[in-house]
Amino acid sequence: MTTTTDRTVLRDALGLLKDREQIAERLLESSAKHSFDPDKELDWDAPPVEGKWFWPPELVSLYDTPLWKKMSEEQRMELARHEAAALASLGIWFEIILMQLLVRHIYDKSLTSNHVRYALTEIADECRHSMMFARMIQTGGAPAYPVSRTNHNLARVLKTISTTPGSFACTLLGEEILDWMQRLTFPDERIQPLVRGVTKIHVVEEARHVRYAREELRRQMLTAPRWEQELTRISCGEAARVFSIAFVNPAVYDNVGLDRREAVAQVKASGHRREVMQSGAKRLTDFLDDIGLLRGVGRRLWKSSGLLA
C-alpha cells in the first residue's frame with residue numbers, strides 16, 4: 001500500500017480513494033430512493049406456502065452429507081426452516097454489534113457531515129432489519145437461536161477493544177457472507193415468498209452498507225499507525241474464527257430430531273459446506289487481501305476459520 005505526498009489524496013492497491021463526503025452524499029441519495037418499510041412492504045399475514053423451503057437446500061449445513069442422504073424430504077425442509085431462524089438470529093446479534101460500532105465511529109466526528117448523516121441512516125436501516133428478522137422468526141414458527149454464551153461474551157470484548165479499521169473489517173465479515181447467501185435466496189422460486197421478500201430488502205439496503213464500510217476500511221488502513229493495522233489483522237482474523245463457528249447453531253439439530261454430535265462432525269467434514277462458506281467469503285477475502293489485511297497471524301486465523309482456502 002502507498003500514499004501520495006499530497007495528504008488530501010490517498011491511494012491503495014485498488015486505486016485512488018474517493019472523497020468521503022461525496023461517497024456519503026451518494027449513499028444518502030440512494031437511501032432516499034431505495035429504502036423499505038418491511039411492515040408495509042411484506043405480507044406478514046399470508047400463511048406459509050406448502051412445499052416451499054425456508055432456505056435453499058444447497059445452503060443448509062448438512063446438505064450432501066451422509067446424514068442428509070438418510071433424511072426424509074420433510075426432515076430436510078424442517079432443518080432448513082430452523083436454520084433460517086438461526087441465521088436470522090445470528091443476523092440480529094451481528095447488527096446490534098454493528099450499530100454499537102457505528103455509534104463509536106461517529107462519536108468524535110462532525111455531526112453535520114454527510115459521513116455522520118449516512119452512518120445514522122445506516123443505523124436506522126439496521127434497526128429495521130433486526131426487527132424484520134425477528135418478525136420473520138416469529139412468523140416462521142421456529143424458535144430464536146441466540147449465539148453461545150462464549151461467543152456472546154467474546155463479541156462484548158471485541159466491540160470494546162476494536163480499532164476503527166477493525167470495526168469496519170468485522171462489519172464486512174458479518175455482512176458479506178450473509179449477503180452472498182441472500183442473493184441466492186431471493187430469486188429462488190423454491191423459497192417461501194416471505195423469506196424471499198425479507199432477503200431482497202436486506203440485499204438492496206446492505207449494498208449501501210458494504211460500500212460505506214469498504215471505503216472507510218480502505219481509508220483507515222492507509223492512515224492508521226502500524227500497530228493499529230497489525231492489531232486489526234489479528235482481531236479481524238479472530239472475528240472470522242468466531243463468526244464461522246457461530247454460523248451453525250447446533251441446537252437446530254436437536255430440534256429436528258438429529259444427533260447433535262454426529263451432525264456437527266459431518267458438517268465439519270463436509271467438502272460442500274467448506275466450499276459454500278469459502279465461496280460466500282471470497283469476494284470479501286479478495287478485498288481484504290488487496291488492502292493488506294490478510295497477512296501474518298491474521299491470515300493464519302482466517303485459514304483456521306475455514307473461510308479462506
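At what angle do the axes of H6 and H9 cross, and within what distance do they come? First, the ground rules. This is a predicted model, where local features need pLDDT of at least 70, side-chain atom pairs count only at pLDDT 80 or more, and totals for chains, interfaces and linings use all residues. Residues are numbered from 1 along each chain as its sequence is written, and side-chain values use heavy atoms, with hydrogens and water left out.

Now the answer. The H6 and H9 axes cross at roughly 155° and come within 11 Å. Axes here are lines fitted to C-alpha atoms, for helices over the stretch in contact, and angles run from 0 to 180 degrees between N-to-C directions. Helices are DSSP runs (H or I, at least four residues), numbered from the N terminus. That angle makes H6 roughly antiparallel to H9; the cut-off is over 145 degrees. H6 passes H9 in a left-handed crossing, meaning the near helix is turned anticlockwise from the far one by less than a right angle.

Who touches whom? From H6, take Asn-151, Leu-154 and Leu-158. They meet Ser-235, Ala-239, Arg-241, Val-242, Ile-245 and Ala-246 in H9. Contact means heavy atoms within 4.5 Å. The H6–H9 contact residues are six nonpolar, two polar and one charged. Nonpolar covers Ala, Val, Leu, Ile, Met, Phe, Trp, Tyr, Cys and Pro; charged covers Asp, Glu, Lys and Arg; the others, Gly among them, are polar.

Next pair. H4 (residues 73–106) packs on H7 (residues 164–185) at about 155°, axes 10 Å apart. So H4 is roughly antiparallel to H7. H4 also passes H7 in a left-handed crossing. On the H4 side, the contact includes Leu-87, Gly-91 and Phe-94. On the H7 side, Phe-168, Cys-170 and Gly-174 are among the residues involved. The H4–H7 contact residues split into eight nonpolar, six polar and one charged.

H4 has another partner, H8 (residues 193–223). Their axes cross at roughly 45° and come within 14 Å. H4 and H8 are therefore oblique to each other. Oblique is what remains once under 35 degrees (roughly parallel), over 145 and 65 to 115 (roughly perpendicular) are taken out. Glu-95, Leu-102 and His-105 of H4 contact His-202, Glu-206, Tyr-212, Glu-216 and Gln-220 of H8. That gives two nonpolar, three polar and three charged residues.

On to pockets. A pocket is an open set of points on a 1 Å grid over the protein atoms alone, where a 1.4 Å probe fits, with protein on both sides within 12 Å along at least five of seven lines; lining residues have an atom within 4 Å of a point. Volume is the space filled by probe spheres set on the points, which are joined across faces, edges and corners.

The largest pocket has a volume of about 690 Å³. Its lining has 29 residues; Ser-244, Ile-245, Ala-246, Val-248 and Lys-268 lie nearest the centre. H4, H9, H11, H12 and H13 each supply at least two lining residues. The lining divides into 16 nonpolar, nine polar and four charged.

The second largest pocket is about 300 Å³. It has 19 lining residues, with Leu-154, Leu-158, Ser-235, Glu-238 and Ala-239 nearest its centre. Which helix gives the largest share of that lining? H9, with seven residues. Its lining counts are 15 nonpolar, three polar and one charged.
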